[in-house]
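Subject: Structure handover

Hi there,

Here is the structure I promised to pass on. Could you have a look at it before reading my notes below?

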Amino acid sequence: MNKWYTTGKYVNDPVYGFITIEYQLLLDVINHPWMQRLRRIRQLGMTNLVYPGAQHTRFQHSLGAMHLMQQAITTLQDKGVLVTESEQRAAMAAMLLHDIGHGPFSHVLERSIVNGVSHEDISKILMDRMNQQMGGRLQQTIDIFEGNCKPFLHQLISSQLDTDRLDYLRRDSFFTGVNEGTIGADRIIKMLDVENDQLVAEAKGIFSLEKFLIARRLMYWQVYLHKTVIAAERMLTQILRRAKNLTRQGRAPFAPPHLLYFFENEVNKENFDEYETIRNFTLLDDSDIMSCIKVWTMSEDKVLATLATWFSNRHLFNIEESDKRFPDSRIDDLLKKTAEKLGISEHDSQYFVLTGHVASNTYNSMRDKINIKLSNGEVCDISELSELNLDILGQKDTRWYLCYPRGLRK
């Protein structure tokens, strides 16, 4: 039997309707335990504390991105762009696997229990291991993922117009109910073309692209970087930091062995590809963290118990935002008040008072352009045609935050 044969399998997706699982390779990837783990990791982490409908998973998003990749390639083929069947199959597999390296609550894990290892780094490591397990059938997929291929195929995976963004904006808007994030993904895909091996969009699709850029900006500040979401993520980060520090002090709290491994060991980019690290990481999901937090509400350690109880009951940090750094004097005052209020040391009060910043920019033509193909065949950047002020959208919008316990006087 041909190992590449079509399967005729379908998945009913709430956003797109029926998604076709066209090739056996895709079905084998979907059925792999590391891919199935994404069913147990929410796409938007703590966002459900603000938008209760945001319960969808990384698995659903990966299927949606694969579906849009199939649509995009079909569009390009209809316009005479050469994409072979093996390239189509590999590109679709790449979209299935592009988020395989996400851990529980995604970026929270990157800030707390691993050191300097991004989910992109982990995805690449896991894809290499899966390729070995699957007899090299993912090699072309990895080549496309890394950009060792036709440029436009990689751009469909990672660029301003990649199918990752097209799916997560539409899907996240659907499940959160934030209508401002709704985009015309079908229209944008129909406008895609290739010029000199680079992904371009036809000029008649410029209004859909402008709406896409605006929707992305709105979704970042209304959903992804919503201040309550930031407060929840920072609280979860502090909980995991405390559990890790207690473990290093010989006071390990309850945790399953695969989570305890990351508390006990310093995991970084250099040693992540070790067998034990991969084995333990691929067992982690959201349920591990939430189960531990429920147990930690009864911890003998006051700091951990307080943080875990507050988090479980959605008694989140107060959070203030500013366009500039908060003064050290304000932070020192809050540290003292927190220590007094909770009856802990000022050193431990640092788990409850923290500051930092978040930033977003919607479009940066210097880093990653959206190329527009005019009717005469010429190609230019969208900023040359758009009536939007893309210079403003391209500026990095930075917001500082200050988190501290509720009930403290300003």
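In these notes, contact means heavy atoms within 4.5 Å. Helices (H or I, at least four residues) and strands (E, at least two) are DSSP runs, numbered from the N terminus. The model is a predicted one, so to speak of a local feature takes pLDDT of at least 70 and side-chain atom pairs count only at pLDDT 80 or more, while totals for chains, interfaces and linings use all residues. Residues are numbered from 1 along each chain as its sequence is written, and side-chain values use heavy atoms, with hydrogens and water left out.

First, the helix packing. Axes are lines fitted to C-alpha atoms, for helices over the stretch in contact, and angles run from 0 to 180 degrees between N-to-C directions.

Helix H12 (residues 227–248) packs on helix H16 (residues 302–312) at about 150 degrees, the axes being 10 Å apart. That makes H12 roughly antiparallel to H16 (under 35 degrees counts as roughly parallel, over 145 as roughly antiparallel, 65 to 115 as roughly perpendicular and the rest as oblique). From H12, Ala 232, Met 235, Leu 236, Gln 238, Ile 239, Arg 242, Ala 243 and Leu 246 take part, and they meet Val 303, Leu 304, Leu 307, Ala 308, Trp 310 and Phe 311 of H16. By class, this contact of H12 with H16 has 12 nonpolar residues, one polar and one charged (Ala, Val, Leu, Ile, Met, Phe, Trp, Tyr, Cys and Pro count as nonpolar, Asp, Glu, Lys and Arg as charged, and the others, Gly among them, as polar).

Helices H3 and H9 pack at about 130 degrees, with 8 Å between their axes, and are therefore oblique to each other. Residues of H3 in this contact include His 61, Leu 68 and Met 69, and those of H9 include Asp 167, Tyr 168 and Arg 171. Here the classes are seven nonpolar, four polar and three charged.

Helix H4 (residues 85–97) and helix H7 (residues 139–146) cross at roughly 70 degrees, their axes coming within 8 Å. H4 and H7 are therefore roughly perpendicular to each other. H4 brings Ser 86, Glu 87, Ala 90, Ala 91, Ala 93, Ala 94 and Leu 97 to the contact, and H7 brings Gln 140, Thr 141 and Ile 144.

On a 1 Å grid over the protein atoms alone, a cavity is a set of points where a 1.4 Å probe fits but cannot get out, and a pocket is an open set with protein on both sides within 12 Å along at least five of seven lines; lining residues have an atom within 4 Å of a point. Grid points are joined across faces, edges and corners, and a volume is the space filled by probe spheres set on the points.

There is one cavity of 30 Å³ or more. The largest cavity is lined by Pro 104, Phe 105, Val 108, Leu 109, Ile 113, Leu 240 and Ile 289, and its lining has seven nonpolar residues, no polar and no charged.

The largest pocket has a volume of about 1,200 Å³. Its lining takes in 42 residues, with His 107, His 119, Glu 120, Tyr 168 and Tyr 220 nearest the centre. That lining divides into 15 nonpolar, 12 polar and 15 charged.

Best wishes
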